[in-house]
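Please read these points with the sequence and the model open side by side.

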Amino acid sequence: MVRMSPNSHGASGTGGVPGMSGRVALVTGAASGIGRAAARVFARDGARVVVADLQRAAAEGQETVRLIQEAGGTGMFVPTDVARVPDVEALVGATIAAYGRLDYALNNAGVCGTPTGVVGCSRAQWDEIIAINLTGTWLCLKHEIPEMVKSGGGAIVNTASGAGLLGVAGMPAYVASKHGIIGLTKSAALEFASQKIRVNAICPGTTWTPMMETLIEGSVEMENMLRAASPYGRMARPEEVAEAAVWLCSGAASFVNGVALPVDAGRVAG
Ligand SMILES: NC(=O)c1ccc[n+]([C@@H]2O[C@H](COP(=O)([O-])OP(=O)(O)OC[C@H]3O[C@@H](n4cnc5c(N)ncnc54)[C@H](O)[C@@H]3O)[C@@H](O)[C@H]2O)c1
């Protein structure tokens with residue numbers, strides 16, 4: 001009988017035991033919403049967590065760290081604009097300086113902008129969304145992957161969206177950026193598979209976060225419409241999306257590579 005040895009495409013699994021113990025996770029956009037929830041789940045599962053977000057969100061980023069520490073975990077905040085090359089370089093540098101390695105990354109920072117339509121979208125609006133969502137994700141991969149190669153492997157998840165799988169009228173830059181993240185994910189997954197680095201994407205459905213609250217702007221009508229569009233008749237909680245992202249990083253997902261996983265109650269199944 002051929003015995004298969006566990007590989008390092010992620011740690012030794014989750015399932016209630018601290019399977020990420022001794023490992024290091026980096027989460028961008030971790031001052032809020034899905035990113036904060038994922039930072040807390042990584043810490044619960046034993047990883048030391050680097051909480052990255054904009055300088056202007058430093059108080060909220062520090063609050064994520066406080067929540068991690070309150071639960072017995074380890075984390076630190078690193079102010080980062082993912083659209084800026086020096087910031088992303090410094091983020092990965094600070095991670096290695098503090099914790100000596102990088103095993104998992106959730107490249108999650110993103111903005112949705114306001115609905116503009118294709119014709120109404122200004123060049124500045126287009127550039128901002130592409131720079132943060134798509135270029136920011138690529139910059140993170142570019143600087144994270146070499147550190148994972150050095151330590152023999154790792155696992156990365158990029159936050160795309162249901163809008164990375166289906167079109168949404170009125171949000172051209174956001175939809176293009178999220179479709180782009182999925183293509184980027186697949187390319188990176190194939191390129192680094194032989195170096196034991198898995199790269200996957202999650203495609204959240206509508207999730208109740210500050211981003212969604214801003215988009216809805218208090219419109220009960222829009223909120224009800226979004227709930228009704230979900231097969232479950234409700235939005236996701238950030239924790240439900242976070243669990244899927246952390247599972248994809250874990251050793252429990254060791255043979256999962258290059259997928260764009262919907263976490264949406266079945267919304268894109270129909
Ligand atoms: N909420 C949803 O319904 C939903 C659905 C699908 C996909 N998503 C995606 O999930 C991710 C997280 O969104 P969320 O709903 O938690 O939103 P959120 O607004 O609660 O959190 C996003 C975080 O990203 C940070 N951020 C923005 N620009 C940044 C930059 N340039 N550099 C670093 N950080 C930056 C923000 O400060 C914020 O803390 C985004 O990529 C979003 O597109 C969200």
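Is Lys196 buried, partly exposed or exposed?

1. Lys196 has a relative accessible area of 36%, so Lys196 is partly exposed. Buried means under 20% relative accessible area, exposed means over 50%, and partly exposed lies in between (1.4 Å probe, protein chains only). Lys196 sits in the loop between H5 and strand E6 (197-204). Its phi is near 60°, which is a positive value in a residue other than glycine. Helices (H or I, at least four residues) and strands (E, at least two) are DSSP runs, numbered from the N terminus.

2. A word on the source: this is a predicted model, in which local features need pLDDT of at least 70 and side-chain atom pairs count only at pLDDT 80 or more, while totals for chains, interfaces and linings use all residues. Residues are numbered from 1 along each chain as its sequence is written, and side-chain values use heavy atoms, with hydrogens and water left out.

3. Ser194 is found in the loop between H5 and E6. With a relative accessible area of 66%, Ser194 is exposed. Ser194 is 166 residues from Thr28 in sequence, and their C-alpha atoms are 26 Å apart in space.

4. Ala30, in the loop between strand E1 (24-28) and H1, has a relative accessible area of 0% and is buried. The C-alpha atoms of Ala30 and Ala43 are separated by 12 Å, and the two residues are 13 apart along the chain. Pro172 belongs to helix H5 and is buried at 18% relative accessible area.

5. Which residues come nearest to the ligand? Of the 28 residues around the ligand, they are Ser32, Asp53, Tyr174, Thr207 and Thr209. A residue is counted here if one of its heavy atoms lies within 4 Å of the molecule. By class, the shell has 13 nonpolar, twelve polar and three charged residues. Ala, Val, Leu, Ile, Met, Phe, Trp, Tyr, Cys and Pro count as nonpolar, Asp, Glu, Lys and Arg as charged, and the others, Gly among them, as polar.

6. A backbone N or O atom of Ile34 is 2.8 Å from a ligand oxygen atom. A backbone N or O atom of Val82 lies 3.0 Å from a ligand nitrogen atom, and a polar backbone atom of Thr80 is 3.4 Å from a nitrogen atom of the ligand. The protein covers 93% of the 830 Å² of accessible area that the ligand has on its own; such areas come from the Shrake-Rupley method with a 1.4 Å probe. Helix H1 (33-44), helix H5 (172-192) and helix H6 (210-216) each give two or more residues to the shell, and H6 gives the most, with three.

7. The second largest pocket has a volume of about 200 Å³. Among its 14 lining residues, Tyr232, Ala236, Val263, Asp264 and Ala265 are the closest to its centre. On a 1 Å grid over the protein atoms alone, a pocket is an open set of points where a 1.4 Å probe fits, with protein on both sides within 12 Å along at least five of seven lines; lining residues have an atom within 4 Å of a point. The lining has seven nonpolar, three polar and four charged residues.

8. Ala265 lies in the segment after strand E7 (260-263). Its phi is near 60°, a positive value in a residue other than glycine. Ala265 is partly exposed, at 26% relative accessibility.

Key: A polar contact is a pair of N or O atoms within 3.5 Å; within protein, one must be able to donate a hydrogen and the other to accept it, and residues adjacent in sequence count only if both atoms are side-chain atoms. Grid points are joined across faces, edges and corners, and a volume is the space filled by probe spheres set on the points.
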